[in-house]
Structures are given as C-alpha cells and as structure tokens.
Amino acid sequence: MDLFGVLNLDELSHGLANLPMFPYFDMAHYVVSVMSLREQPGALEVSRRSPFACWFSSMLFCFGGAVLSGIMMAEPPVAPLSNSTNVLLASLVWYLVFYCPQDLVYCCAALLPLRLVLSGMKEVTRTWKVLGGVTQAHGKYKDSLLVMIAIGWAKGAGGGLMSNFEQLVRGIWKPETNELLKMSYPTKITLVGSVLFALQHTQYLPLQKQHLMLIYTVFTVVNKSRMMLTGSSASPFAAIESAVYKTLFTGYSPYSALTAEIKKASIDNGTTTRTTSAAATKESSENGAAGKPSSACRAEEDGGSLKAKDESEKAETNSCKKTN
C-alpha cells in the first residue's frame with residue numbers, strides 16, 4: 001500500500017507482524033482476564049469456598065477462545081491445555097491475583113497507568129487470536145467465508161461467548177447475560193476484526209496482512225484506552241448499529257393492525273369506566289352540596305321507614321291479643 005510506504009510504516013507493520021506474544025503479551029492477557037473474573041459478582045466468595053472452581057473459571061477466561069474454536073473445528077477442547085508452560089503461567093497469575101498477601105498484585109495491577117498498559121497489550125493479543133482463528137479455518141475451508149469469520153470470532157472472543165458456561169462453574173445461571181442477546185464491546189470489535197481478516201484472506205479486501213494487522217491493532221488499542229480514560233462504555237459502532245437496525249429490522253409487522261385494535265379497545269373501555277365513575281362521583285357531590293340525599297341514602301331511608309312500619313303493626317297486634 002503506497003500510503004504505508006510514504007509514511008514509512010512498512011517496517012513498523014512488519015515488526016508488529018513478527019512480534020512474539022510469549023511471555024510478556026500472554027502474561028498481560030492472563031492478568032487482565034483473571035482481574036476481570038475477580039471483579040465479577042461473587043467471584044471472591046467462590047475463590048474462598050472452592051479454589052478449584054475459581055481456577056477452572058480463570059482458565060476458561062484465559063483459554064476460552066482456543067477451547068471454543070477447537071470444539072467448532074472438531075478438535076480436542078483440551079488441546080489448549082497441552083501447553084504446560086502457558087497453563088503454569090496462567091495458574092501463577094491466578095494465584096497471585098486472588099491469594100497474594102495484602103492483595104498487592106491486584107492493587108498494583110488495578111492502578112490506572114499500569115492497567116492501561118496491560119489492557120493495550122491484551123488488545124494486541126486479540127489481533128493475533130483473531131488472525132490465528134481465520135488462518136486455521138482457511139487451511140481447512142478455503143472457500144467458506146462464514147466458517148472463517150465464525151472461527152476467528154470464537155478464538156478472539158471465546159471467553160465472552162462462553163460466559164454462561166463459566167458462570168455455571170461458579171454456581172450462577174443467568175441466561176439473560178448471553179453475549180448473543182446483548183453483545184459487549186470486545187465481542188463486537190472481535191467480530192469486526194474477524195470479518196476484515198476473512199475478507200483479506202479471500203482477496204476481497206485488497207490489503208496486505210501486516211498492514212491490516214497494524215490498522216486493526218492501533219484502532220483497538222486507542223479505542224480501549226479512550227474508553228478507560230473517559231469511563232465510557234459506549235460502542236464506537238453505536239450510530240451504525242442504530243441506522244442498520246432502523247433500516248432493516250423495524251419494518252411493518254402483519255400483527256401491528258391487530259395489536260393496534262386491541263390497544264384501542266382497551267383504551268376505550270378504560271375511558272368509559274372512568275367516565276361512568278366520574279359521573280357518579282359528580283352526582284353524589286352535587287346532591288350533598290344541595291342538601292339532597294343521594295340514591296343510596298334514599299334507599300337506606302326507605303328501608304328504615306318500612307322497618308319502623310312493620311314494628312308498629314306488630315305492636316298493635318300484640319296489644320289486641322292482650323286485650324282479648
């Protein structure tokens with residue numbers, strides 16, 4: 001791409017493409033992932049009650065993408081755990097974040113400057129995970145764009161997509177938190193990256209791989225840093241999502257007329273009821289103000305007079321009997 005040559009970014013893009021992830025970037029990914037688990041509601045209680053469940057949840061946070069993509073590619077889901085070096089490193093990070101004396105590791109990593117660096121390094125690993133998933137799928141399904149997108153998405157955002165299963169490990173069941181129902185920012189940005197890298201692999205996107213890696217990495221790192229500094233959780237794609245949704249998914253429904261009629265009938269019924277009750281209240285208030293008894297009071301008085309008449313007739317009958 002001529003623009004990269006003019007800006008002298010070719011060397012930078014090649015250096016980024018050849019950058020090793022182990023151990024520093026992988027460690028940053030493990031630290032941020034385990035800290036995210038610790039900040040989940042009830043995670044600390046689980047870590048004290050069942051350390052094994054807490055450790056297993058941490059491994060799902062750290063290696064969830066590799067596990068999910070392996071399942072989708074019909075590979076052993078335990079294959080990511082075969083790398084004992086990475087598992088030991090992730091386990092060490094888990095222990096220090098949850099059980100370090102005085103919470104020194106967590107408190108230090110939670111400082112904003114250090115957390116910014118760690119989060120930026122984690123976003124760099126996201127690029128490699130998405131690209132690795134797309135490349136893996138391309139090796140078996142060269143002409144299937146959908147499969148490449150799905151595997152790249154699963155490998156880059158597997159921890160979020162498997163959140164319901166991870167919650168079950170900690171004894172929590174919240175199906176309403178499913179990422180497919182309400183996607184978080186990491187899931188969305190991973191899906192965008194997976195689409196871009198899949199298009200690049202199939203030659204639909206005329207861009208070199210290292211250049212796309214640089215563009216995508218810079219965008220994710222800058223946007224993540226902006227969100228952390230401003231404390232905002234708004235997605236940068238919110239305007240596009242809203243426009244697409246209103247254009248494609250809010251069309252005329254065949255049930256809208258029936259729904260409108262039912263709603264109108266209920267409104268009319270409620271209005272009639274309110275009108276009747278208001279009229280009765282008004283009549284009683286006017287009668288009270290004019291000194292006239294209401295219909296209920298008149299009925300009560302008529303009943304009382306009939307009762308008094310019956311009692312007087314009974315008294316006259318008894319007196320006649322006594323006289324006789």
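## Ground rules

This is a predicted model, so local features need pLDDT of at least 70 and side-chain atom pairs count only at pLDDT 80 or more, while totals for chains, interfaces and linings use all residues. Residues are numbered from 1 along each chain as its sequence is written, and side-chain values use heavy atoms, with hydrogens and water left out.

## Helix 6

Helix 6 runs over residues 84–99. Helices here are DSSP runs (H or I, at least four residues), numbered from the N terminus.

Buried means under 20% relative accessible area, exposed over 50%, and partly exposed in between (1.4 Å probe, protein chains only).

## Gly15

Gly15 sits in helix 2 (residues 10–17). With a relative accessible area of 38%, Gly15 comes out as partly exposed. Gly15 and Gln210 are 195 residues apart in sequence, yet their C-alpha atoms are 8.9 Å apart in space.

## Cysteines

How many disulfides are there? The count is zero, taking a disulfide as a pair of cysteine sulfur atoms within 2.5 Å. Cys100 is in no disulfide, as the nearest cysteine sulfur, that of Cys108, lies 8.3 Å away.

Cys100 counts as buried at 14% relative accessibility, and Cys54 does too, at 2%.

Technical notes:
Helix = DSSP H or I, 4+ residues; strand = E, 2+ residues; numbered from the N terminus. Expected span 1.5 Å × (residues − 1).
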